[in-house]
Amino acid sequence: MRVLGVNGWPGASHDGAACLVVDGEVVALAEEERFTRNKHAYGEAPLNAAAHCLAEGGLTLDDIDVVAHGWDMPKLFADRGLDWFADDAETLEHLLPKALFPRTRDPRLTFVDHHVAHAASAYYLSGRDRGAILVLDGQGEDVSTTLAVGIDGEIKTLRSFTPGWSLGYFYAAVCEYAGLGSDAAGKMMGLASYGTPQDLTFGGALDFTDDGFTIGVVPPDLRSTGSTDEETATIRLWLEHLEKALPKAPNRSTRRFDPRVGRYTRVTDRDPFEYRDIAATAQAALERAVMTLVRTLLKESGETTLLVAGGVGFNATLNGKLMRMPEVRDLFVQPLAGDQGVSLGAAVRVAAEEGDRIRPMRGSVAWGPQWTPDEIRRVLQASGTAYTEPADIAAATADVLAGGGVAGWFQGRAEGGPRALGHRSMVAVPNPEGTRDRVNVRIKDREAWRPFAPSMQEEAAETLIGTTTPLPYMIVTTPVTEAGAAAMPAVVHSDRTTRPQTVSAEVDPLYHRLIGRVGEHTGTAVVLNTSFNGRDEPVVCSPRDALATFHRLPMDALALGPFLVRRPGGAVGEAGA
């Protein structure tokens, strides 16, 4: 069975992506934003992503059995009184036009319920035969939270919450109130660690019950007309309430043209750091609500394994709390937890229903584009960039880092999702603590309080974070040990936690070797790892992207495949040479 899973719809979507699954194995996955360079690919169909997946598999649409979309778009449109297409042929032409995807026949087109796609991505890719499934996001077609169970290949929904009672939209509203923007949940999670929680009910708007929560400021049956979701209406109702209930006025923002960067940027009345207590309160409220849901889910399902997906699943602080709940014996958070992951979920759902055995994730989500050394060399030569070809790129890059440098690390296939996991990363030695400020403020041009994460050899994990449990996806937080706090202060949050990636020599031998080489200089096999991108742009995808970002940002070096580019006058990294 050959299934092309997709997410993204022209004019009405975000995080468009495509995934090719052949006989139950993921062959390719890519996000549209990586190609168009429009972060989150708002309103974009996954044209480039789908083309990449087909090319990676050596296929055309003629070879595809099913195109599976991670939303039930016909239901979504019908429920809101919006016009739909006359038939599947017209629908497929709108999504994947023949001018771009020539074909002699149309594959079968199917639409998978959004939360079912999320649940499938967590269940089938986890490698577990059974488990309780929690899906949390802004919303699907008509739900925002789903409690389900997966047993023997089947997914059964136990209960759900409506879009108006979305914990994702609640968190987004507080993000907007703090001046971060409604799509900045990751920023607020980082800000929360600096604050002190106050009234978790937000003036009576949230009520925590024995089996979940209720929301008093948004009608549970809220339904928008003429729109495909309830996001705008829900966030508006929350903002109206927060302005009355909170002592600090909202942090208003405007868009102003910034000649320094040559485009409009978001400018707030106040520093969002002033809203750290509000951020901490929202984080604590989210954690309390979700942990209650988890206890209910595990009790009703009789399971001790918890599988998580949906955009809220990116909240690593929450995930760390879930991992440490005594009721949770085994936790798997699908690392492509957002809407890019429903392209994967829709594909494996259809494949499993057709009888394919799904191959689970094995510690990597590097299913994207890659370039050969010769292709990279041609890009370097065409750009006129000076470069060298060291005998060992890992050792040469480690020298740069040990000399105090910050390097781009571009290797192999691109990862999916927002976490760079050693294929499209920016790396540095996580000591001294001031490295965090240098990378945040000088290089990435972002808030000084934004936290970073460590990539460590899995052999060093017990010393640094006190556990030998593999954590390959950088999607849960853990406390750090005394040794960890001393060795990597630039990646330790103010609450004495970090968001680690443990790197296996079997899964990623080159990145594992880089970290080991750094350890030979520093005494600890760990690096600071952040995504290779500038402010408000997607993670780099191609060698051209990497070079453009490197030349624009004040980094010291770029390891582009086997080639090393150094910035003249930067940290030369000849330590130990």
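A polar contact is a pair of N or O atoms within 3.5 Å, where one atom must be able to donate a hydrogen and the other to accept it. The legends below describe close-up views of a predicted model.

**View 1. Arg-499 is a buried arginine without a salt bridge.** Arg-499 sits in the loop between β19 (497-498) and β20 (501-503). Asp-495 is the nearest side chain of opposite charge, and it is 11 Å away. A salt bridge requires a side-chain nitrogen within 4 Å of a carboxyl oxygen. A polar atom of the Arg-499 side chain lies 3.3 Å from the backbone oxygen of Met-474. Met-474 is also among the contacts of Arg-499 beyond four places in sequence. Others include Ile-475, Val-476 and Thr-477, along with Ala-453 and Pro-454. Ala-316, Arg-419 and His-493 complete that list.

**View 2. Five strands make an open, mixed sheet.** The strand order is β8-β7-β6-β13-β14. The edges are β8 (154-161) and β14 (330-333), each pairing on one side only. From one strand to the next, the twist averages 20 degrees. Strand β7 (residues 145-151) runs antiparallel to β8, and seven bridges join the two. Ala-148 stands opposite Thr-157 of β8.

**View 3. Asp-330 and Arg-128 form a salt bridge.** Their closest N and O atoms are 2.9 Å apart. Asp-330 is partly exposed, at 24% relative accessibility. Arg-128 is partly exposed too, at 25%. The structure holds 35 salt bridges.

**View 4. Arg-517 forms salt bridges with Asp-392 and Glu-520.** For Arg-517 and Asp-392, the closest N and O atoms are 3.5 Å apart. This pair links distant parts of the chain, 125 residues apart. Asp-392 occupies the loop between α12 (373-383) and α13 (393-402), while Arg-517 is in helix α17 (residues 509-522). Asp-392 is buried, with a relative accessible area of 18%. Arg-517 counts as partly exposed, at 31%.

The bridge from Arg-517 to Glu-520 also has its closest N and O atoms 3.5 Å apart. These two residues are separated by about one helical turn because they are three residues apart in helix α17. Glu-520 is exposed, with a relative accessible area of 61%. Shared partners join Asp-392, Arg-513, Arg-517 and Glu-520 into one salt-bridge network.

Note on methods: Residues numbered from 1 in each chain as written. Predicted model: local features only at pLDDT ≥ 70, side-chain atom pairs only at ≥ 80, totals over all residues. Heavy atoms only, no water. Pairing = 2+ DSSP bridges. Helix = DSSP H or I, 4+ residues; strand = E, 2+ residues; numbered from the N terminus. Axes fitted to C-alpha atoms, helices over the stretch in contact; angles between N-to-C directions. Buried < 20%, exposed > 50% of the residue type's maximum accessible area, 1.4 Å probe, protein only. Lys, Arg positive; Asp, Glu negative; His and termini not counted. Contact = heavy atoms within 4.5 Å.
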